[in-house]
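Let's take a friendly walk through a protein and the molecules it holds. Please have a look at the sequence and the structure first.

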Amino acid sequence: MTRTPVNVTVTGAAGQIGYALLFRIASGQLLGADVPVRLRLLEIPQGLKAAEGTAMELDDCAFPLLRGIDITDDPDTGFDGANVALLVGARPRTKGMERGDLLEANGGIFKPQGKAINDHAADDIKVLVVGNPANTNALIAQAAAPDVPGERFTAMTRLDHNRALSQLAARTGVPVSEIRRLTIWGNHSATQYPDVFHAEIAGKNAAEVVDDRTWLADTFIPTVAKRGAAIIEARGASSAASAANAAIDHVHTWVNGTAEGDWTSMGIPSDGSYGVAEGLISSFPVTCKDGVYKIVQGLDINEFSRTRIDASVKELEEEREAVRALGLI
Ligand code: NAD
Ligand code: LMR
């Protein structure tokens, strides 16, 4: 039986994350080794030529699952019939730019893209926002798409989740595959909170295995939360292959499910769980099944965690206020 190809739209396709992402999507790693895909590359006019070059290389890979590539600078065309949208292209902060300027510039990108998704995407559209500030950009796009169920708009904290897994594995000397139930809470920013209190290392409670709150507070949490800045410092450019890898993980898990007994972290619209103000796009522990995610309920939040979750949620509330004041939501 020939399956209908899934339409995957990637914005910022000519950027560095786009270059690390597209080949993996086309090879079947995003959705599955038996799922054909059609790629839509959305760029700004200055990026179109480079996107064409990337499309030539995609052709040259002769990927059996790749059923076509369209390149456009028109959001309405780019999201037409999209089943999955990866919103990677964003306005980076440049010298002299204030936080409000950055939010406003990104509003100019994510508002029209949200509207184009609303008007042209397929009914089963799933959206992942990667471009920073990812959580608030997702909020802007969601607000511009009132006909799309709000829970289809998500923001990427899987890179933070993967970073936390690696740091914990290195500290405890166990393979990443032995660690489960780790959580990133809050914003994809330096206020995020990587929580090991419910995590398990080879079946034992991770906080008890580590048994060192000073290491958690002074080394683990800041290392994970500031890893993006450390990569920029070391590479002279922000993370690209690891960000693309996390985007693949995020969508693959959302579509194909979490492993039995495990969960992952996704930035999703809050339903008020764990005291996170309703509507904020904040990272939670989630399980996924049949293309639907659910917040893991009933976790005890200790004082150490509560303070840190609240601080990150407060930052998200401030970002929401700022974009509200700008008329973006
Ligand atoms: P990049 O500058 O290499 O590429 C961005 C691309 O987006 C460019 O080709 C640009 O032309 C394009 N673009 C800009 N505006 C666009 C628009 N309106 N429509 C379509 N395309 C547009 O940047 P990058 O390294 O690929 O990073 C992209 C974004 O991802 C940045 O905002 C970065 O901060 C963010 N990021 C997020 C995470 C995360 O974990 N959430 C991790 C790493 C990077
Ligand atoms: C990252 O976490 O690597 C990025 O969000 C950093 C950045 O500012 O682009």
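Predicted model: local features only at pLDDT ≥ 70, side-chain atom pairs only at ≥ 80, totals over all residues.

Residues are numbered from 1 along each chain as its sequence is written, chains are lettered from A and ligands numbered from 1 in the order in which they are written, and side-chain values use heavy atoms, with hydrogens and water left out.

Let's begin with ligand 1. Around ligand 1 there are 22 residues, the closest being Gln-16, Ile-17, Glu-43, Val-130 and Asn-132; a residue counts here if one of its heavy atoms lies within 4 Å of the molecule. Helices α1 (16–26) and α4 (99–120) each give at least two residues to this shell, helices being DSSP runs of H or I with at least four residues, and strands runs of E with at least two, numbered from the N terminus. By class, the shell has 11 nonpolar, 10 polar and 1 charged residues.

Now for ligand 2. Its surroundings are Asn-132, Arg-163, His-188, Gly-228, Ile-232, Ser-238 and Ser-239. These divide into 1 nonpolar, 5 polar and 1 charged; Asp, Glu, Lys and Arg count as charged, Ala, Val, Leu, Ile, Met, Phe, Trp, Tyr, Cys and Pro as nonpolar, and the others, Gly among them, as polar.

The table lists polar contacts of both ligands, meaning pairs of N or O atoms within 3.5 Å.

| Ligand atom | Protein atom | Distance |
|---|---|---|
| Ligand 1, nitrogen | Gly-12, backbone N or O | 3.2 Å |
| Ligand 1, oxygen | Gly-15, backbone N or O | 3.3 Å |
| Ligand 1, oxygen | Glu-43, side-chain N or O | 2.6 Å |
| Ligand 2, oxygen | Asn-132, side-chain N or O | 2.8 Å |
| Ligand 2, oxygen | His-188, polar side-chain atom | 2.7 Å |
| Ligand 2, oxygen | Ser-239, polar side-chain atom | 2.7 Å |

Finally, the structure holds 10 salt bridges, each a side-chain nitrogen of Lys or Arg within 4 Å of a carboxyl oxygen of Asp or Glu. One of them joins Arg-38 and Asp-70, with the closest N and O atoms 3.3 Å apart. This pair links distant parts of the chain, with Arg-38 in strand β2 (residues 37–42) and Asp-70 in strand β3 (residues 66–72), 32 residues apart. Side chains of opposite charge can pair when their charged atoms come close.

Notes: Polar contact = N/O pair within 3.5 Å; in protein donor to acceptor, adjacent residues only side chain to side chain.
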